[in-house]
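Grab a pencil and let's work through a few exercises together. Try each task yourself before you read its solution.

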Amino acid sequence: MTTFPALIGFAVRRAAARAVAGARNLLWQRPASSPPNRVIFAPETLVEADAAVAADIYAGVFALAGEVVDASGRSPFAIAPPSPEWARALHGFGWLHHLEANANRLSSSNARALFDEWLQAPSANEAVANEPDVMADRLVAWLVQSPLLLNGADAAFRTRYMRALGRHLRRLERVLGPLPKGMTRLRVAASLALAGTVVADQGRLARWSMGILSDAVASEVLPDGGHASRSPEAVVTVLTLLIPLREALGRRQFPVPTFLRDAIDRMFPMLRFFRYGDGGLAAFHGAGFVAPAALDTVLYYDEVRGKPAANARYSGFQRLSAGDSVILFDTGRVPPPTHSRHANASALAFEFAHGANRLVVNCGALERARPEWAGVARATAAQSTLAIAERSSAKVLDRWPLVGCLGPLLYAGPRRVDVAREGQSARAEHDGYHEAFGLVHQRSLTLADDGLWLDGEDRLIGPDRLDGYPFAVRFHLGPNVKARLEPKRDRVLLTLPDGAIWLFGLDEGPGLALEDSITLVASRQVRRTTQIVIAGNTLTDDTVRWHIGRHAAPLDIEAENAEDSEPD
């Protein structure tokens with residue numbers, strides 16, 4: 001567990017490391033790469049071009065980061081951005097990929113005009129446009145769309161383009177050294193390694209950045225293929241950075257470094273680990289909505305197609321699967337401070353999906369829709385798990401000046417999470433509430449062999465339970481699940497979109513209640529849903545036993561079975 005004094009030490013060490021790295025940059029700098037003169041080929045992109053987005057851009061409409069701006073004949077780079085996220089998306093040039101959907105001389109001319117507008121815009125020199133990850137994204141976008149930009153271009157534009165590439169290479173080289181561990185460091189190193197591979201006469205840059213990338217991958221990618229942040233979405237992000245580099249090396253017939261090949265091969269099964277029958281990802285630790293088509297594109301490059309493991313102990317998750325059912329169980333500790341800016345206090349939370357339907361979920365990255373919901377989304381109450389006295393099992397850093405230096409890190413979570421696994425049963429306990437309440441939360445989950453029945457038990461262990469602390473066990477339901485509480489308050493009828501009926505039953509413990517909830521359902525869209533709440537007191541209800549089972553099959557299956565039973 002990371003304590004507040006430990007965070008102070010972490011902040012001091014990080015500040016010292018930045019100071020040392022900055023001094024090294026001033027006293028000694030690696031000779032800058034030679035100016036580029038030719039892009040050998042455009043690297044691959046895992047982003048699908050959308051003709052509708054291209055049409056909007058032609059019309060001067062830029063829908064980025066949940067905000068829509070109509071330039072109305074003006075340069076988008078001359079408009080005051082509605083949010084920092086919109087500005088980052090604009091200056092990152094990821095939208096440039098969509099112009100490829102209608103690739104012709106007119107679209108190339110439009111792309112060049114936007115490129116030149118950016119070169120001349122004062123906003124190109126502002127802090128947001130020169131953040132390292134934004135610069136890295138812009139560099140990769142310009143390389144990927146080099147055919148679009150250079151098709152029919154005159155010599156003057158080609159010169160401007162190559163000079164702009166050169167400036168980005170030099171700037172990113174300078175900032176890469178002092179960058180602390182984290183996704184930004186990996187992103188910048190991967191972009192420079194990619195540029196060194198596809199741009200002529202940049203072998204020295206490729207070798208240098210590949211060495212830093214090796215170190216970044218070692219600190220970001222866990223032995224089981226998960227990411228150090230424990231976020232399912234982060235696995236996708238890293239793969240989208242590494243796969244184009246692997247493909248570019250192969251296209252140039254260069255050897256693929258062992259670290260790169262092994263990391264990609266480990267991450268593919270982990271991506272499948274976090275994927276449900278509807279094609280989407282689990283909502284743990286800041287993971288937002290990732291379109292199933294985008295995941296299909298990433299998995300297209302998986303040549304091994306390894307099956308996901310049941311126990312991802314390094315990432316801190318258990319996976320129970322049978323029939324069409326998948327359960328993901330968070331049995332890990334809080335990520336280290338370098339990777340906990342978006343982590344959730346979700347100790348022993350779980351999600352339950354059957355086929356294309358999600359029965360039990362976590363609320364997800366609500367801040368993607370409204371930034372002010374970030375604190376709510378990260379609290380234990382937004383996860384399908386138990387909370388004592390409305391307290392979270394970990395804390396979000398909000399004290400100045402540390403939060404200004406480190407960001408809203410998650411800290412003070414469980415010191416110990418013990419896990420036992422046998423077949424389709426998993427039991428775990430954490431001590432995240434021990435310091436405040438003297439209690440340990442233990443949860444057991446057992447999935448039937450057909451995947452149609454889940455037994456669960458939540459216990460609060462420790463003599464201090466006799467002090468009588470209030471607690472609540474929450475089960476946030478999927479947005480397409482309709483819930484109805486039975487009169488005896490011991491069962492909830494769950495109706496799925498396909499007509500299947502499931503029952504949530506209380507076998508031991510206080511009564512059930514239904515409350516409102518919300519969950520993230522698209523990139524920046526939330527939907528109202530329902531949560532089942534079991535609220536009790538440790539003095540009288542230290543154990544809660546419950547189950548979820550299918551009561552009636554989907555309508556189409558019932559009809560099919562009826563037809564099969566008819567006499568010939």
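This is a predicted model: local features need pLDDT of at least 70, side-chain atom pairs count only at pLDDT 80 or more; totals for chains, interfaces and linings use all residues.

**Exercise 1.** Work out how helix H7 and helix H8 pack: what is the angle, and how far apart are the axes?

*Solution.* Start with the helices: H7 covers residues 155-176 and H8 covers residues 183-198. Their axes lie 10 Å apart, at an angle of about 140°. That makes H7 oblique to H8, because an angle has to be over 145 degrees to count as roughly antiparallel. Next, the handedness: H7 passes H8 in a left-handed crossing. Finally, look at who touches whom. H7 brings Leu-169, Leu-172, Glu-173 and Leu-176, while H8's contact residues include Arg-185, Val-188 and Leu-192. Sorted by class, the H7 contact with H8 has seven nonpolar, one polar and two charged residues.

**Exercise 2.** Find the salt-bridge partner of Arg-185, then decide: is Arg-185 buried or exposed?

*Solution.* The partner is Asp-215, with the closest N and O atoms 2.8 Å apart. This pair ties together distant parts of the chain, since Arg-185 sits in helix H8 and Asp-215 in helix H9, 30 residues apart. Now the accessibility: Arg-185 has a relative accessible area of 13%, so it's buried, as the cut-off is under 20%. Asp-215, at 39%, is partly exposed.

**Exercise 3.** Which strands hold Glu-508 and Arg-545?

*Solution.* First, the two side chains meet in a salt bridge (2.0 Å, N to O). Glu-508 belongs to strand S18 and Arg-545 to strand S21, 37 residues apart. Glu-508 is partly exposed at 33% relative accessibility, and Arg-545 is partly exposed at 35%.

Key
Residues are numbered from 1 along each chain as its sequence is written. Side-chain values use heavy atoms; hydrogens and water are left out. Axes are lines fitted to C-alpha atoms, for helices over the stretch in contact, and angles run from 0 to 180 degrees between N-to-C directions. Helices (H or I, at least four residues) and strands (E, at least two) are DSSP runs, numbered from the N terminus. Angles under 35 degrees count as roughly parallel, over 145 as roughly antiparallel, 65 to 115 as roughly perpendicular and the rest as oblique. A crossing is left-handed if the near helix is turned anticlockwise from the far one by less than a right angle, and right-handed if clockwise. Contact means heavy atoms within 4.5 Å. Ala, Val, Leu, Ile, Met, Phe, Trp, Tyr, Cys and Pro count as nonpolar, Asp, Glu, Lys and Arg as charged, and the others, Gly among them, as polar. A salt bridge is a side-chain nitrogen of Lys or Arg within 4 Å of a carboxyl oxygen of Asp or Glu. Buried means under 20% relative accessible area, exposed over 50%, partly exposed in between (1.4 Å probe, protein chains only).
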